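Me: I am new to this one and would like to walk through it slowly. Please start with a term we will need, and then take my questions in turn.

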Amino acid sequence: MSSIFTKIINGEIPCHKVAEDENFIAFLDINPNARGHTLCVPKREINRIFDMDRQHYLDLMSFSYKVAKALEEVVSCDRIGISVIGLEVPHVHVHLIPINDMKDMTFQHKISMTSEEMASLAQEIGNRL
Ligand code: 5GP
């Protein structure tokens, strides 16, 4: 069965898209730790990040770097935190999280945003790429 992220990539489920190229997509996390929490996802469905071949992994990191640079221009924060987990969605994704405090990286402290706020933020970040 396809992962939820494959369904997003195929357009079967909506997302607030930030960026996309031939191999990767970035969209806002539906349940963000902080404003601007973004997921960078390879279009090829792979469960564990270190099962990716080296070049594909480096390309994901390069894509994530570009998105992080745009994100930090738009969202004021101390820095962008990065995390890879995948226990909830077993399809590789890099979490980019604008952080000011360690609690922003714990995945226990969540914020709420309206769909309109998410749409406008995703567009603003995307415009910086
Ligand atoms: P992980 O697998 O790294 O533990 O976490 C998966 C992340 O994906 C969570 O932060 C969760 O909020 C996010 N997520 C799960 N389902 C969806 C979805 O349908 N859309 C979006 N945009 N994010 C999702």
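Reply: Happy to: two residues touch, or are in contact, when they have heavy atoms within 4.5 Å. What you see is a predicted model, in which local features need pLDDT of at least 70, side-chain atom pairs count only at pLDDT 80 or more, and totals for chains, interfaces and linings use all residues. Residues are numbered from 1 along each chain as its sequence is written, and side-chain values use heavy atoms, leaving out hydrogens and water.

Me: Which residues does I49 touch, not counting residues up to four places away in sequence?

Reply: I49 sits in the loop between β3 and α2; helices (H or I, at least four residues) and strands (E, at least two) are DSSP runs, numbered from the N terminus. Its relative accessible area of 10% makes I49 buried, a word that means under 20%, with exposed over 50% and partly exposed in between (1.4 Å probe, protein chains only). Once residues up to four places away in sequence are set aside, I49 touches Y57, L60, M61, V84 and V92.

Me: How far apart in space are I49 and V75, C-alpha to C-alpha?

Reply: Start with the sequence, where I49 and V75 are 26 residues apart. In space, the distance from C-alpha to C-alpha is 27 Å.

Me: How far apart are the end C-alpha atoms of helix α2?

Reply: Helix α2 covers residues 54-74, which is 21 residues. The expected span of a helix is 1.5 Å times one less than its number of residues, so α2 should span 30 Å. The model agrees with this, as the end C-alpha atoms of α2 are apart by 31 Å.

Me: Within what arc do the buried residues of α2 fall, seen down its axis?

Reply: The buried residues of α2 are H56, L60, F63, S64, V67, A68, A70, L71 and V74. They line one face of the helix, because the arc in which they fall, taken from the directions from the helix axis to the C-beta atoms, is 165°.

Me: Which residues are exposed on the other side of α2?

Reply: The buried residues of α2 pack against β1 (17-20), β2 (24-28), β3 (38-42), β4 (79-83), β5 (94-99) and α3 (115-127). On the other side of α2, the exposed residues are R54 and Y65.

Me: Which residues are exposed on the other side of α3?

Reply: In α3, the buried residues are M118, L121, A122 and I125. Seen down the axis of α3, they fall within an arc of 100°, so they line one face of the helix. Their cover includes β1, β2 and α2. On the other side, the exposed residues are E116, Q123 and N127.

Me: Which backbone oxygen does the side chain of T38 reach?

Reply: T38 lies in strand β3 and is buried, with a relative accessible area of 0%. Leaving aside neighbours within four places in sequence, its contacts include V67 and L71. At 2.6 Å, the side chain of T38 reaches the backbone oxygen of G36.

Me: Is H37 buried or exposed?

Reply: H37 is in the loop between β2 and β3. Beyond four places in sequence, H37 touches F27, L28, D29, P32, H95, L96, I97, P98 and F107. Its relative accessibility is 1%, so H37 counts as buried.

Me: What is phi of F107 near?

Reply: F107 belongs to the loop between β5 and α3. Most residues other than glycine have a negative phi. F107 has a positive value, near 65°.

Me: How much of the ligand's accessible area does the protein cover?

Reply: Of the 16 residues around the ligand, D29, G86, V89, H93 and H95 come nearest; here a residue counts when one of its heavy atoms lies within 4 Å. A polar side-chain atom of H93 lies 2.6 Å from a ligand oxygen atom, and an N or O atom in the side chain of H95 lies 2.8 Å from an oxygen atom of the ligand. On its own the ligand has 520 Å² of accessible area, and the share that the protein covers is 89%.

Note on methods
A polar contact is a pair of N or O atoms within 3.5 Å; within protein, one must be able to donate a hydrogen and the other to accept it, and residues adjacent in sequence count only if both atoms are side-chain atoms. Accessible areas come from the Shrake-Rupley method with a 1.4 Å probe; for residues, only the protein chains shown count as cover.
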